[in-house]
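Hello,

Here is the structure I said I would pass on. My notes follow below it.

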Amino acid sequence: HAPLLNLIDRWASQRVSSHYSYSNLVGLYHAALEQQALYGQYVIFVLTYRSEVVAFNVLDYVQGRQDKMVSLAFLADSSIKGLSAYARFAVCVQLDAIGVVTLDIGGAETEGLYRFKRLLAPVQEVKLKSVLIEVKPHR
């Protein structure tokens with residue numbers, strides 16, 4: 001998984017800030033790749049350009065469904081304009097070829113991500129609400 005880890009590192013290095021530490025940014029990606037290495041349970045699509053990994057998508061089948069998958073982790077090199085949309089399209093072409101009808105690409109934590117995902121012409125959108133709780137023990 002070294003080429004995938006290199007892409008993760010390049011991406012995270014550009015986004016480390018006072019709001020996001022390196023470990024927060026890479027944690028999900030490392031966990032998904034670790035699970036794949038240990039159990040081989042996920043499907044990983046990798047897109048390369050000039051022998052370099054520029055995008056990848058870690059997917060899993062929805063339990064009991066061979067026609068539906070969920071995207072667990074997706075990353076595309078943000079320095080290549082239009083790559084995120086192209087990589088999603090390329091994954092969908094491959095999924096269609098193996099009989100997958102729908103792909104759950106998850107929610108959006110930011111307005112920009114929400115706008116991007118809306119461009120992909122979703123067939124279903126689920127609106128969720130977040131609930132905040134106080135973690136300080138009450139006495």
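**Asparagine 57 and the strand around it**

Asparagine 57 sits in strand β2, which covers residues 52–61. Elements here are DSSP runs numbered from the N terminus: helices are H or I with at least four residues, strands are E with at least two. One caution before going on: this is a predicted model, where local features need pLDDT of at least 70, side-chain atom pairs count only at pLDDT 80 or more, and totals for chains, interfaces and linings use all residues. Numbering starts from 1 along each chain as its sequence is written, and side-chain values use heavy atoms, with hydrogens and water left out.

Is asparagine 57 buried or exposed? Asparagine 57 counts as buried, because its relative accessibility is 1%. The classes are buried under 20% relative accessible area, exposed over 50%, and partly exposed in between (1.4 Å probe, protein chains only).

Its contacts (heavy atoms within 4.5 Å) reach several parts of the sequence. Leaving out residues up to four places away in sequence, asparagine 57 touches Val43, Ile44, Phe45, Ser71, Ala73, Phe74, Arg88 and Val91. Leucine 75 is 18 residues from asparagine 57 along the chain, and their C-alpha atoms are separated by 6.6 Å.

Most residues other than glycine have a negative phi. Arginine 50, not a glycine, has a positive phi of about 50 degrees. Serine 51, also not a glycine, has a positive phi of about 65 degrees. Arginine 50 counts as exposed because its relative accessibility is 71%. Serine 51 counts as exposed too, at 79%.

**The whole chain**

The protein chain has four helices and four strands. From the N terminus on, the order is α-α-β-β-β-α-β-α. The C-alpha trace spans about 60 × 35 × 35 Å along its principal axes. Of the 139 residues, 24% count as buried. Among contacts with a separation of 6 or more, 46% come from residues 24 or more positions apart.

The chain exposes about 10100 Å², and carbon and sulfur atoms supply 55% of that. Areas come from the Shrake-Rupley method with a 1.4 Å probe; for residues, only the protein chains shown count as cover.

There are 14 positive and 12 negative side chains, and the centres of the two sets lie 7 Å apart. Lys and Arg count as positive, Asp and Glu as negative; His and the chain ends are not counted.

**The largest pocket**

Which residues lie nearest the centre of the largest pocket? They are Asp104, Ile105, Gly106, Pro122 and Gln124, out of 32 lining residues. A pocket is an open set of points on a 1 Å grid over the protein atoms alone, where a 1.4 Å probe fits, with protein on both sides within 12 Å along at least five of seven lines; lining residues have an atom within 4 Å of a point. The largest pocket holds about 1100 Å³ of space.

α3 (83–97), β4 (102–104) and α4 (111–119) each supply at least two lining residues. The largest share, six residues, comes from α3.

Helix α4 also holds arginine 118. Arginine 118 is partly exposed, with a relative accessible area of 41%. Arginine 118 and alanine 108 are ten residues apart in sequence and 10.0 Å apart in space, C-alpha to C-alpha.

Best wishes

Conventions:
The place of a charge is taken as NZ of Lys, CZ of Arg, CG of Asp or CD of Glu. Grid points are joined across faces, edges and corners, and a volume is the space filled by probe spheres set on the points.
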